[in-house]
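Good morning, and thank you for coming. Please look at the structure on the screen while I take you through a few of its features.

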Amino acid sequence: MEFIAPELLAYCEDHSSIEDELLQHVKRETFAKVLMPRMLSGHLQGKTLELLVKMLNPKTILEIGTYTGYSGICLARGLGKNGKLITLDINDELEKMVRVFFEKSGLSSKIDYRLGNALDIIPKIEGNFDMVFIDADKANYIKYYELVVERVNPGGIILADNVLWSGKILVEEGKKIDKDTQVILDYNLMVQNDPRVENVLLPIRDGLMLAKKL
Ligand code: SAH
Ligand code: CA
C-alpha cells in the first residue's frame, strides 16, 4: 500500500535536503546486490532521522537492524563531536559491504557496528541510550522495547520503523492476522499505553513510532 501519491512523494523529496552521492551509491548497490532492498530507509526517512539526531543531539544512539547501513549513515551524520552510534545486525553476509560504506562516510570512528543477534548483544552493551532506532525483525519489536526502555535517558527517544506495516494494521473483519502484523499491533498499543513515554505515530514512509521518555 502506498500511503502518499507518487507525485506528492516526489515533491516532498524535491523539497528536502538532497540525498548525496554516498547515500545514492548505497541505495544503488543495495538494489543491485542485496535481497529485499525495499527495507532500506531511503531519502525522506533518512533525512528525518538525520535531522532528529541534529535536533536532539544524543550522545549514544542504538540502532537495531543495520542492513546495508543507509539509516546508520544518516544517524551518524547527525551526531555531534562526542556522539556515537552502536548499530547491530545478525546478517554477517552484508558485513564487508557495510564496512566499506561506513568507511566511505568518513564516520566509521563514530560507528560501532556489531554482528550478532540483537537480543543477545543489547544486554551486554554498557551504559544508557539517548536514542534507539528499532528496525530489525518485527517479531521481536516488543522484546527490543522492553530491553531498552529503562535504559533510555529522560528526554531520549525510541523510534520504531514500519509500524504501519504496509497498511496491514488496518485489520478487516473476519480476516486472519499474520504473526508480524499482530506484533506490530501489539507494539503500537503497548507504546500508546506506556505511561513512561509520550508518543506520536508519524506517517512517514511505512510509519515511524516516536516515543519520548519522560
Ligand atoms: N535500518 C535499515 C534497514 C534494516 S532492515 C535501513 O533503514 O536502511 C532489517 C535488518 O534487521 C536486516 O538487515 C536483518 O538482518 C536485521 N535483523 C533481523 N533480525 C535481527 C536480530 N535478531 N538481531 C539483529 N539484527 C536483525
Ligand atoms: Ca525499516
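Is L75 buried or exposed? L75 counts as buried, at 0% relative accessibility, where buried means under 20% relative accessible area, exposed over 50%, and partly exposed in between (1.4 Å probe, protein chains only). The residue is found in helix α4, residues 70–78; helices (H or I, at least four residues) and strands (E, at least two) are DSSP runs, numbered from the N terminus. Between L75 and F133, which are 58 residues apart along the chain, the C-alpha separation is 9.3 Å.

Before I continue, a word on conventions. This is a predicted model, in which local features need pLDDT of at least 70 and side-chain atom pairs count only at pLDDT 80 or more, while totals for chains, interfaces and linings use all residues. Residues are numbered from 1 along each chain as its sequence is written, chains are lettered from A and ligands numbered from 1 in the order in which they are written, and side-chain values use heavy atoms, with hydrogens and water left out.

I turn now to the calcium ion, ligand 2. Its protein donors are D135 (OD), D135 (OD), D161 (OD) and N162 (OD1), at 2.2 to 2.8 Å from the ion. Donors here are N, O and S atoms within 2.8 Å of the metal (3.2 Å for Na, K and Ca); water is not among the atoms, so sites may look incomplete. D135 lies in the loop between β4 (129–134) and α7 (141–148), and N162 in the loop between β5 (152–161) and α8 (179–193), so the pair ties together parts that are 27 residues apart in sequence. Both D135 and N162 are buried.

Next, ligand 1. It is surrounded by 20 residues, the closest being S41, G65, S71, D89 and D135; the criterion is a heavy atom within 4 Å. An oxygen atom of ligand 1 lies 2.6 Å from a polar side-chain atom of S41. For nitrogen, a ligand 1 atom is 3.1 Å from a polar backbone atom of I90, and a nitrogen atom of ligand 1 is 3.1 Å from an N or O atom in the side chain of D137. Taken alone, ligand 1 exposes 580 Å², of which the protein buries 91%; accessible areas come from the Shrake-Rupley method with a 1.4 Å probe, and for residues only the protein chains shown count as cover.

Finally, F3. This residue lies in the segment before α1 (6–14) and is partly exposed, with a relative accessible area of 34%. Thank you.

Methods:
A polar contact is a pair of N or O atoms within 3.5 Å; within protein, one must be able to donate a hydrogen and the other to accept it, and residues adjacent in sequence count only if both atoms are side-chain atoms.
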